[in-house]
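Have the model open beside you and follow along.

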Amino acid sequence: MTQDERRRVIPLAMRAALASVAMACALLVMKGYAAWHTGSVAMLGSLADTGLDLLASLVTLYGVKLAAEPADQDHRFGHGKAEALAALFQVVLITASAIGIAWRAIERFSNPAVNEDAGLGIAVSGVAIVATMVLLAYQRSIIRRTASVAILADNVHYQSDVLLNTAVIGALVLDQYLGVSGADPVFGIAIAAWLAWGAFQASSQAIDMLMDKEWSDDQRAAFVEVAARQPGIRGIHDFRTRRSGSHDFAQFHMEVDPDLTVREAHAIVERVEIALRDTFPRVETLIHLDPEGHVDTDNPLVEADVTPHWFSKRL
């Protein structure tokens, strides 16, 4: 990514993250009052989720800012993995909150209490749904322009809020207006389960990033296909990929005619790098040049036989 692109992309991502923080703060105040006034476990669960939304938005804001920092002397590959570390911290908080909400809901089964002023809880949840949908639309417009992974994750998280607030409305209507006993704690347990599932998904994605998990086969195939179209390439091997925040890295060995001069071989490498950069602008590529027929004797991928089934060394 060029400096001009960085100056254009980062402010947009920062604005989306700031919008998330502002909305979470407003909803936290409204839901706090509604949870205290209605005594609803489902509303309490929604309040806890909004509190976690605020934390997630703050972490996203920090992650976007830190991930935008260029590589330095101590972090030659950038700072993208700070997002994964922050996500794992969020997972701990989300899990603790889910356990607390489930415990409170189970207690409500043993000691039932009458919810009060369901109209207030329904109104607050309705406002939350509308506000969240506006934020989701704004975030999607930013994602289309920046492809920010951090904002995309925040967007997915806020999509669940629409379902959670809908569940709160359903619990209050069933419990207070239709007289369905036990609806409120049941919805509270459902919200706790949803939070636990979200924590599991977030932890999986964070661990994949920290463990340098490879791209999907489709992504890898598309990348190799662009490189293979360039003239002068006789083969590609040792193709490795990883993701760090919103930035991707790819490296491979490229075989050329062994009779080429250094200048001629370097020209082929540059053509490949330009083609890949034009097609995959957010991927940093490292190419090692080999004469055709050269066999690496210290390649752990060959020893482990983990070459994907679609990958062909000879082009």
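These are my entries, from the whole chain down to single residues.

**Ground rules**

I am working with a predicted model, where local features need pLDDT of at least 70, side-chain atom pairs count only at pLDDT 80 or more, and totals for chains, interfaces and linings use all residues. I number residues from 1 along each chain as its sequence is written, and side-chain values use heavy atoms, with hydrogens and water left out.

**Whole protein**

I looked up the secondary structure and found nine helices and three strands. Helices (H or I, at least four residues) and strands (E, at least two) are DSSP runs, numbered from the N terminus. Along the sequence I read the pattern α-α-α-α-α-α-α-β-β-α-β-α.

Next I checked burial, and 42% of the 315 residues are buried. My cut-offs for relative accessible area are under 20% for buried, over 50% for exposed and partly exposed in between (1.4 Å probe, protein chains only). The protein exposes about 16,500 Å², with carbon and sulfur atoms supplying 62% of that area; I take accessible areas from the Shrake-Rupley method with a 1.4 Å probe, and for residues only the protein chains shown count as cover.

I also looked at contacts, meaning heavy atoms within 4.5 Å. Among those between residues at least 6 apart in sequence, 75% join residues at least 24 apart.

**Helix H8**

I then turned to H8, which covers residues 262–279. Its 18 residues reach 26 Å from first C-alpha to last, close to the 26 Å expected at 1.5 Å a residue. The expected span is 1.5 Å times one less than the number of residues.

Which residues of H8 are buried? I noted Ala265, Ile268, Val269, Val272, Ala275 and Leu276. Seen down the helix axis, they fall within an arc of 125°, so they line one face of H8. The arc is that of the directions from the axis to the C-beta atoms.

The buried residues pack against helix H7 (217–228), strand E2 (247–256) and strand E3 (283–291).

**Cores**

A nonpolar core here is a set of buried Ala, Val, Leu, Ile, Met, Phe, Trp, Tyr and Cys residues joined through side-chain atoms within 4.5 Å. The largest one has 21 residues, of which Phe223, Phe239, Phe252, Met254, Val272 and Leu276 touch the most other members. H7, strand E1 (235–244), E2, H8 and E3 each supply at least two residues of this core, and H8 gives the largest share, six residues. I also noted a second, separate core of 20 residues that includes Val21, Val64, Ala128 and Val162.

Aspartate 154 sits in helix H5 (residues 149–177) and counts as buried at 3% relative accessibility. Leaving aside neighbours within four places in sequence, I found aspartate 154 in contact with Ser20, Ala56, Ser57, Thr60 and Gln139.

Most residues other than glycine have a negative phi. Aspartate 212 instead has a positive phi near 55°; this residue is in the loop between helix H6 (183–210) and H7 and is partly exposed, with a relative accessible area of 31%.

Aspartate 238 also shows a positive phi near 55°. I located aspartate 238 in strand E1, buried with a relative accessible area of 10%.
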